[in-house]
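Take a look at the rings and the open space in this protein model. The report below covers both.

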Amino acid sequence: MALARVVTFDGVDAQRMAQMQSEMESGDQPDDVPATEIVVLHDAEAEQALVILFFGNEDDYRRGDEALNAMPAGDTPGRRASVTRYDVAERMTA
């Protein structure tokens, strides 16, 4: 079963989001974060971001979770407000 790691961040202004977008577009995904997909949502007005990482199995989730928990605060979009793990019950793409 696929798993999702959903993280909310506060204090994410438009400038920081633009910087993160540039870094993500120009870099490769870290080997220690074996996510199958990463979705970043940003509410510029509220200065909040929601990051959803999808993992194919428990081992990949554990590896990614450990690596992301060890990440320096300066490498994140803002102040991490919450981290929640979900089972992906259904998924549809157009």
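Predicted model: local features only at pLDDT ≥ 70, side-chain atom pairs only at ≥ 80, totals over all residues.

## Aromatic pair

The model holds 1 aromatic pair. Phe55 and Tyr61 make up this pair, with an edge-to-face arrangement. Phe55 and Tyr61 are both buried.

## Charges over rings

Arg85 lies over the face of Tyr61, 4.9 Å from the ring centre.

Phe54 also carries an arginine over its face. Here Arg91 lies 4.1 Å from the ring centre.

## Largest pocket: size and centre

The largest pocket holds about 720 Å³ of space. Its lining counts 30 residues. Nearest the centre lie Met20, Met24, Leu68, Met71 and Asp75.

## Largest pocket: lining

Helices and strands both contribute to the lining of the largest pocket. Helices H1 (14-26) and H2 (58-69) each supply at least two residues. So do strands S1 (3-10), S2 (37-43), S3 (48-55) and S4 (79-87). H1 gives the largest share, 5 residues.

By class, 17 residues of this lining are nonpolar. Another 8 are charged, and 5 are polar.

Definitions and conventions
Residues numbered from 1 in each chain as written. Heavy atoms only, no water. Phe/Tyr/Trp six-rings, centres within 6.5 Å; stacked < 30°, edge-to-face > 60°. Buried < 20%, exposed > 50% of the residue type's maximum accessible area, 1.4 Å probe, protein only. Lys NZ or Arg CZ within 6 Å of the ring centre and 35° of its normal. 1 Å grid on protein atoms, 1.4 Å probe; cavity = no way out; pocket = protein on both sides within 12 Å on 5 of 7 lines; lining within 4 Å. Points joined across faces, edges and corners; volume = space filled by probe spheres on them. Helix = DSSP H or I, 4+ residues; strand = E, 2+ residues; numbered from the N terminus. Nonpolar A, V, L, I, M, F, W, Y, C, P; charged D, E, K, R; others polar.
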